[in-house]
Each structure stands twice: as structure tokens, then as C-alpha cells.
Amino acid sequence: ETVRVVGDHPSLGNWDPAKGVELETQQDLFPVFISQHPVFIDLHAKVEYKYLLCGVNGQPKEWEGSEVQHRFVANGTEMTLEDDEG
């Protein structure tokens, strides 16, 4: 199984699970998940996203609940997004 971030921005797949950003973790990091590569988003862009659990074949298995919608506005040339609710 894998965890992906999928959202309304091209860098997050435009809500297409196959194009979302795959996250990974390691035993010493768990339960923290990180992306291998940076995600590029234009300054001041408003972004909405969700987490998605995918099966071993990459097929969507379980989205976050429908009431959950994460949002942020890109506000600098580099940002690290920490999501304690995810």
C-alpha cells in the first residue's frame, strides 16, 4: 500500500489519483510521510488536497473522509507543509 497526496493543482494530479504525489515513510520516521521530490506551485496559488491510500497495484483504495479538505496558499519561494491532521 502507498499514500498519495492528490489535489486541485497540476502538481498534485488535478484530482487524478494516478498523477498524485506518492509519499513514503521509514521506520524511524513513521508516522511521518514525505515526498521524494519537491512539488512546484506558483506563488499565491490556493491549493486544496486530500490523502489517498492506494493498493499495491496503485489503484485508489480509500480517500480521506468527505468532510476533510486540506487547504493552503503558497506564500514563499520555498515552503515545507506540515499537516498534523493528516
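Colleague: Where does Pro-31 lie in this predicted model, and what makes the peptide bond from Phe-30 to Pro-31 cis?

Modeller: Pro-31 lies in the loop between β2 (21-24) and β3, and the peptide bond that joins Phe-30 to Pro-31 has an omega near 15 degrees, a cis bond. Most peptide bonds are trans.

Colleague: Why is Ile-34 called partly exposed?

Modeller: The relative accessibility of Ile-34 is 39%, and partly exposed covers the range between the 20% below which a residue is buried and the 50% above which it is exposed, so Ile-34 counts as partly exposed. Ile-34 has its place in strand β3 (residues 34-35), and together with Leu-29 and Val-32 it forms a nonpolar patch on the surface, with about 220 Å² of accessible area between the three.

Colleague: How do you know whether His-44 is buried or exposed?

Modeller: The relative accessibility of His-44 is 57%, and the cut-off for exposed is over 50%, so His-44 counts as exposed. His-44 is placed in the loop between β3 and β4 (46-54), and its phi, near 75 degrees, is again a positive value in a residue other than glycine.

Conventions
Residues are numbered from 1 along each chain as its sequence is written. This is a predicted model: local features need pLDDT of at least 70, side-chain atom pairs count only at pLDDT 80 or more; totals for chains, interfaces and linings use all residues. Side-chain values use heavy atoms; hydrogens and water are left out. Patches are made of residues with over 30% relative accessible area and no salt bridge: like charges are joined within 9 Å, nonpolar side chains (Val, Leu, Ile, Met, Phe, Trp, Tyr) within 5 Å. Accessible areas come from the Shrake-Rupley method with a 1.4 Å probe; for residues, only the protein chains shown count as cover. A salt bridge is a side-chain nitrogen of Lys or Arg within 4 Å of a carboxyl oxygen of Asp or Glu. Helices (H or I, at least four residues) and strands (E, at least two) are DSSP runs, numbered from the N terminus. Buried means under 20% relative accessible area, exposed over 50%, partly exposed in between (1.4 Å probe, protein chains only).
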